[in-house]
Amino acid sequence: MNTSAQTESPAAPKKNLSVKVFGVGNAGVGILDLIIQGGLPGAAFAAVNTDPPTLAVTPACEQVSVETRLLRGLGTGGDPERGRIAAEEHLPKLKSLCQGTDVVFLLAGLGGGAGTGISPVLARAAKEAGALVLGFCTLPFACEGGRRLRMAQQGLAELKAAADGVICLPNQKVFKFIDENTSVVETFKITGQLLADAVRGIARLLAHTGLIEIHFADLAALLRDRHTESAFAVAETMGPARSREVMDKLLAHPMLDGGQVLGESDAVLVSLMGGPDLTMAEVNRVMEQINRQCEHAQVIMGAAVDESFRDRLAVTLIAARRASGEVSEQAASTSGADSLEVQLLSSSTSSRPGSRCVPPAPTLSPEQVEQLMARQTGRTSRGRNSASRMFQGQLPLEIISKGRFDKSEPNIHKGEDLDLPTYARRGVALN
Amino acid sequence: MFDPSSIIVGLEIGTSKVCAVVGELSADGALNIVGLGQARSRGVRKGEIIDTAKAEEDVRHAIVEAEQMADVEIRSVYLGVTGGHLRGFNNRGVHPVVSSDREISEEDAQDVVKNAKAINISAESHVIHAIRQHFLVDGQEGITNPVGMLGARVEVDVHVIHGNRNRLQNAVRAVKGLQLEVDDIVFNGLASALALLTNEQKELGSLVIDMGGGTTEYVVYANGIIKHTGVLAVGGDHVSNDLAYGLKIPLGRAEQLKVDQGSALLDDSVKGQTLNYSTDLGLPLKPVNLEHLRRIMSLRLEEIFQLIGQDLEQAGALDYVRAGVFICGGGARIPQVAKLAEQVLRVPASIGRTNSISGLKSALDQPEFANAIGLVKFGSFHHRRRAGAPSFAAGIRGVLSGIFKRG
């Protein structure tokens, strides 16, 4: 079916970018509910699950049940493989859902059967239908057990290979937001709300014509394979001192660890949204502070103006970093040749720490470029994942220890721990 | 043998060594170093005591050695302090001149300094130094002595160095536990600067970097006054630790390799070289890649200089450094460290010499001892000031003789 008619509603401001938000699996559908409740103008929604009962209660616009005979109406039982098989069976249906959409947001809670299994397939389907795919996913709590975490990380790797970019929130991080008395339901609501904020922030950033625009390509480049963890924070303030307050609020955000995360991250995307009264000085003030916080990061910024934001200022910040979690993620690919291929042939630009010496780009004649391009597209059309470039896998077996400074007071300077070896912090490879 | 009051002792409880230097102040005010004692330090990390018992033992060893060499009994010391908790900043005090003729009196000058020293810092902070910089009279800068000048408003800048009271007390208590008095506590960086810099260098503008085992202190002198001070809790220990981690060797071996093979710069000649060592028993040890060793080391040292450079730049103090950078402390032993400092800070750099004290034996003119020698020098300034002030008895005598003369 064609959904473009729905998405190009007049509410979509300026750009006719059609956005479709997919909630996959129980968790994904839950987050989708939150987004729908909060409202996201100009977007269409669809819920995908193996579990018909949950689909029945959601108010999502479109509901797809990837039911197969295999499952006998009982869901996947926490097995991603079943989810994947069910989704593969419904591939044409999923593809048709994405037809005519420019951007697909994919929401999933990884670690279970449906979310982990379906989302990579759906991402692939959306890509084949010509949409750009951005995944938003959660990783399970540590207390959910190692097996779920491993499955989640494997699913994440597959999703990354299939999607243009993935924003990932480890649920464990939410512990900073909750106290002793927070109920389980509320806790999950908080994770959901965080992801919903991120979706809304990014949708806003893509949909509005900016004064300083952020293109989807920027976003995808930032998120692609860079990290297993991204921190995102949204802050909104009003009044004349808004630019000062917004920074305080942003740095106080628990996800950013008092700005420490910014210091450690290697890529940061900042989107400012204000009314027509947004002044350059305000943009400058915010950016200056952010730049000071993250000296080593590549900062991409954008600013947009919306009439409804008069006297308000909203800042969305996404910080991506190479995390220690990458270890298990890369080592986790064990089940079957298929996932191994995903690992080796993923569309990554190598997740190794960047070397200081960058070789110059090879000079190619236009014919050679054409040839190369043809070869690459050829491979994709053979259906061998959406991936193209080879990269050598590296087993990051090191755990950075502080040695003799282990128990002394940490030496934090602008978010960096100076007790750690300099070469390790700067990512200089010793080989 | 000596008048005990003319003996000045500087004690540095460092991360790698404890060092006591005994100086003798002769009647004409010349300072002479007569003794030195040192001991390996075991109870200190990043410049602060973590094991009081061990630290006390090490201090005792160093003091005993110094006593034997100088043949004196040490009763009190000037104690050097450092640590990542120390902060330095500039503060300005203002005082209106109220006398009818607008002449600035001695009291005005004292009041303005008192105002400047009234600093708003937290209760657990202790001010180690409040060092007077220049006076301003009606906004005119660079006045060293305003007394006798005319003006409506006199201001003064002071450089304040303060730290956490309890953490400073730890070092003081360790010394007092040995039945030694502490005359004063002194910021280590300041002491090193005193030992290294001549008056011309202070006037012209110099940066002193004391790279110790656990901390790196830096002080900027310009126009004869202290412009800026700072401490980084990063030092030689970090280099060893980086090597141990990066080359996957034990810390003791990393320490030895740092001393034997270390260099601040990475040159092409070491590319791909490996070092093969064997134990005393002839068993081969893990070979070490020299290139990696140098790279790890040079990155860490480069970062230290970069951090100092950034801090100075932010404080606007880098422009004042015209005479150059002087490096002391154990870090000055690293080959080519001055060259690296020159590359990073873009100011001529050299290894500091403790040439500002007369009668110093060349054996003592080592960058490691600059700190303790500077402590003695600081003590000698205090001593002279105290000696210069008339004592109560001398005051009475003066008054009486005045009466008799008149009569």
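Two residues are taken to be in contact if their C-beta atoms, placed from the backbone, lie within 7 Å. Helices (H or I, at least four residues) and strands (E, at least two) are DSSP runs, numbered from the N terminus.

## Basis of the model

This is a predicted model, in which local features need pLDDT of at least 70 and side-chain atom pairs count only at pLDDT 80 or more, while totals for chains, interfaces and linings use all residues. Residues are numbered from 1 along each chain as its sequence is written, and chains are lettered from A and ligands numbered from 1 in the order in which they are written.

## Confidence

The pLDDT is the predictor's confidence in each residue, from 0 to 100. Chain A averages 71 on this scale, and 68% of its residues score at least 70. In residues 1–14 of chain A the pLDDT is below 50, and this stretch has 29 contacts in the model beyond near neighbours in sequence. Residues 378–388 of chain A also have a pLDDT below 50, with 18 contacts beyond near neighbours in sequence.

For chain B the average pLDDT is 88, and 91% of the residues score at least 70. The complex as a whole receives from the predictor an ipTM of 0.79 and a pTM of 0.58.

## Composition of the two chains

Chain A contains 16 helices and 13 strands. A residue is called buried if 20 or more other C-beta atoms, placed from the backbone, lie within 10 Å of its own C-beta, exposed if 12 or fewer do, and partly exposed in between. By this criterion 44% of the 431 residues of chain A are buried. Of the contacts in chain A between residues at least 6 apart in sequence, 77% join residues at least 24 apart.

Chain B contains eleven helices and 18 strands, and 47% of its 407 residues count as buried. Of its contacts between residues at least 6 apart in sequence, 69% join residues at least 24 apart.

## The interface

Between the chains, 15 residues of chain A are in contact with 20 residues of chain B. The chain A side divides into six nonpolar, six polar and three charged residues. In this classification Ala, Val, Leu, Ile, Met, Phe, Trp, Tyr, Cys and Pro count as nonpolar, Asp, Glu, Lys and Arg as charged, and the others, Gly among them, as polar.

## Helices of chain A

Helix α2(A), residues 25–38, has 14 residues and reaches 20 Å from its first C-alpha to its last, close to the 20 Å expected at 1.5 Å a residue; the expected span is 1.5 Å times one less than the number of residues. Because ten of its 14 residues are buried, α2(A) is largely enclosed by the rest of the structure. Among these buried residues are Gly25(A), Val29(A), Ile31(A), Leu34(A) and Ile35(A). After α2(A) comes Gly39(A), which has a positive phi near 85 degrees.

Helices α6(A), residues 114–128, and α7(A), residues 146–162, pack at an angle of about 0 degrees with their axes 9 Å apart. Axes are lines fitted to C-alpha atoms, for helices over the stretch in contact, and angles run from 0 to 180 degrees between N-to-C directions. The two helices are therefore roughly parallel to each other, a label for angles under 35 degrees, with over 145 roughly antiparallel, 65 to 115 roughly perpendicular and the rest oblique. Thr116(A), Ser119(A), Pro120(A), Ala123(A), Arg124(A) and Lys127(A) of α6(A) meet Met151(A), Ala152(A), Gly155(A), Glu158(A), Leu159(A) and Ala162(A) of α7(A). The residues of this contact comprise six nonpolar, three polar and three charged. Of the 17 residues of α7(A), 13 are buried, leaving this helix mostly covered.

Thr316(A) lies in strand β11(A), residues 312–321, and counts as buried because it has 23 C-beta neighbours inside 10 Å. Its C-alpha is separated by 5.8 Å from that of Val270(A), 46 residues away along the chain. Leaving aside neighbours within four places in sequence, Thr316(A) is in contact with Gly201(A), Leu205(A), Val234(A) and Ser271(A).

Glu416(A) belongs to strand β13(A), residues 416–417, and its 19 C-beta neighbours inside 10 Å make it partly exposed. With neighbours within four places in sequence set aside, Glu416(A) is in contact with Gly263(A) and Arg425(A).

## Positive phi in chain B

Lys248(B) is not a glycine, yet has a positive phi of about 55 degrees. This residue is placed in the loop between α6 (236–246) and α7 (251–261) of chain B, and is exposed, with 11 other C-beta atoms within 10 Å. Gln336(B), also not a glycine, has a positive phi of about 65 degrees. The loop between β17 (324–328) and α9 (337–345) of chain B holds Gln336(B), which counts as partly exposed with 17 C-beta neighbours inside 10 Å.
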